[in-house]
Amino acid sequence: MNCYLCDRTIPLQVTWRSIFFTEREEVICFQCQTEFERIETGCPICSAVGEEKCLDCCEWEKTEYAGLIDNGKSLYRYNPAMKEYLHRYKFLQDVVLSEVFAKQLKEELRGQKSVIVPIPMNENKLRQRTFSQVDRLLDAASIPYVHVLGKHEIGLGGKSKVERIALQDVFWWNGQPVPEKILLFDDLYTTGSTLRLAAKVLKEKGAKEIKTLTLIRA
Amino acid sequence: MKQVEEFLTGRIWLRHFIPFPKEQIDRAILNGSVTTRFGITDEKQCIRCLEHSLQKIVPFYCEACQQICHYCRHCIKMGRISSCTELITWALPSTNLLQSHSFNWTGNLTPLQQRASHEVQKSISQKNDHLIYAVCGAGKTELLFPPIFEALKIGLRICLAAPRTDVVLELTPRLRAAFPNTIIHSLYGNAPEELGFAQLVVTTTHQLYRFENAFDVMIVDEADAFPYSYDIALKRAVVKAKKKEAPIVYVSATPSTELLKQVAHVSKLFKRFHGYPLPIPKFQSLWRYDKTFAKGQLPKKLTVWVDEKIDKKEPFLLFFPTIELIEQAIDIFKRKYPALEAVYSQDADRKEKVMKLRQKEIPGLITSTILERGITIPNVQVAVIGADEAIFDAAALIQISGRVGRSSEYPDGEIIFFHNGITRQMDKAKKMIISYNGGL
């Protein structure tokens, strides 16, 4: 098969494992894989560069959103290859690209005790985009999840952080039972507003512990 | 409505990305002047790029339709087309969209060019496909001018398609200067959108996906060049974009045997416009050059060659087989020759760097095959490093050799193939060039 990203043929790797077990087929080539930058260490909440809790997350702790996120992680840096990937996946709507990180997400979420709650999309936006990029990432990795939240029709993109913080009630509880331990999942962490706004609603509705996972740290 | 007609005639366009108000298009659809079609046929073929392989036409659960739709991955960069995407075309026969034209070109054609020019014109009037088989620097663009003018005058719509954006950018100003009263559109990825009806369209072969049944004459420049030669989808696009009876004029310095067999009418131009012979490549061994670079050193013979060109103040191009090797080599070169630059296809500053070389601000450029065609730099000297690599087939090597000695002030120059063993392709390239010079 051809690489989803560069369209070059991926040489078939025959191993004993691949003969005896059905393994997930690689959808991108080795060269393209090396272009993505995995995050090794970073802020314990948002994975920003550095060992300690980052300045941004410390700032958040001075607001009403303090302590909402117990800990968090992001898997990849937002480097040029990742920018290009997200552009193709989200904006060109190349749905099959949801499979690119399936293996890594599955590995990351193996044995996860918390219930995975994806950040939802607004209904109108969903029809426009024709697919939910966050849900599809989890689907591709065969990871079960539940939707506990709904979203109002306000995009966060293009708004400053102050404006974002001012946005209340972006998310609403959809009436589903709220699990005690939750892992909030989103595609991209930019300022952290989305996750905190969602976490606030969830904690108000009875969640005890909230962890976060995002694919990319911008 | 006139504007919509001018824009849409011969085009196939995404309904929601049309540069006109929605209401205007809705009205045009209601009164029947514009037709809509869904993007993917029941046979799972994309109606814009005609792709139909299972790898490229893929299913997904569409939240807009609440059912399984298919979308085309092949032409996705032009805006995704799925089963529920609507494409629009102008449905009525075109009304009076024709213009008057003038021909403002004062150059002279050599007798050889003149003959070919007549032959092309004859083929167009008889609706025959034609091949212009011309060596690099034969002046093939100029010889197209008179047939294009004749076609414009009798109201034909003409397309000049080239595989690469660089070539389109180079051709456009020359055509605009030659036909000052003609509306000419220049199309390539991210080109500014132009309104109005263009009777002459200069475009990358990719952008032809957006045309259907549009042209009376289709000229395919560099008909052997990547990606056109490898991509059957682009060949289908050429056929789709032209009217059924319209002839295709192929232009190539290195036509495939397939093309030579397929086209009955051929004009051969094996002499450069300035009359001097093509420089013949020299072979020079450069054993295990990849290991030398890997050790962080420059091969001795190569530095001798580069030093000589710098001494003589002659601009030079060094062609490398892979981007990886370029990235490795440029750092090593920069230590000894800080002014050198490297270019490859992903490089945003490509145009500026080539310009710097032309203006002698830098002594030379390291390049991938991206610069193998379309560029002219007076007195340029060329070396191919690793000429034995598979990417350098005979056609590529002939094109690269064709960069040398193009201007009449400097009709000669050096072309050298540094190799790690001579390949058949290198031999073939050299033999072909010698045979062109013999005027066979």
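Me: Which residues make the nonpolar surface patch of about 810 Å²?
Reply: Bear in mind that this is a predicted model, where local features need pLDDT of at least 70, side-chain atom pairs count only at pLDDT 80 or more, and totals for chains, interfaces and linings use all residues. Side-chain values use heavy atoms, leaving out hydrogens and water; residues are numbered from 1 along each chain as its sequence is written, while chains are lettered from A and ligands numbered from 1 in the order in which they are written. A patch joins nonpolar side chains (Val, Leu, Ile, Met, Phe, Trp, Tyr) within 5 Å, or like charges within 9 Å, from residues with over 30% relative accessible area and no salt bridge. Here the members are A:Leu12, A:Val14, A:Trp16, A:Ile19, A:Phe20 and A:Phe21.

Me: Is A:Val14 buried or exposed?
Reply: A:Val14 sits in the segment before α1 (16-20) of chain A. Buried means under 20% relative accessible area, exposed over 50%, and partly exposed in between (1.4 Å probe, protein chains only). At 61%, A:Val14 is therefore exposed.

Me: What area is buried between chain A and chain B?
Reply: The contact (heavy atoms within 4.5 Å) takes 16 residues from chain A and 13 residues from chain B. In chain A, A:Leu92, A:Asp94 and A:Thr130 lose the most area to chain B, together 39% of what that side buries. Carbon and sulfur atoms give 50% of the buried area. Summed over both parts (1.4 Å probe), that area is about 1200 Å².

Me: Which residue forms a salt bridge with A:Asp94?
Reply: The interface of chain A and chain B holds two salt bridges, each a side-chain nitrogen of Lys or Arg within 4 Å of a carboxyl oxygen of Asp or Glu. For A:Asp94, the closest N and O atoms are 2.9 Å apart, and the partner is B:Arg73.

Me: Where in chain A does A:Thr212 lie?
Reply: A:Thr212 is buried, with a relative accessible area of 4%. Leaving aside neighbours within four places in sequence, the residues in contact with A:Thr212 include A:Ile45, A:Asn71 and A:Leu195. Strands are DSSP runs of E with at least two residues, helices runs of H or I with at least four, numbered from the N terminus. A:Thr212 belongs to strand β6 (residues 209-217).

Me: What is the phi of B:Asn213?
Reply: Most residues other than glycine have a negative phi. B:Asn213, partly exposed at 49% relative accessibility, lies in the loop between β9 (200-204) and β10 (217-220) of chain B. Although B:Asn213 is not a glycine, its phi is positive, about 55°.

Definitions and conventions: Accessible areas come from the Shrake-Rupley method with a 1.4 Å probe; for residues, only the protein chains shown count as cover. Buried area is the accessible area (1.4 Å probe) that two parts lose on being put together, summed over both.
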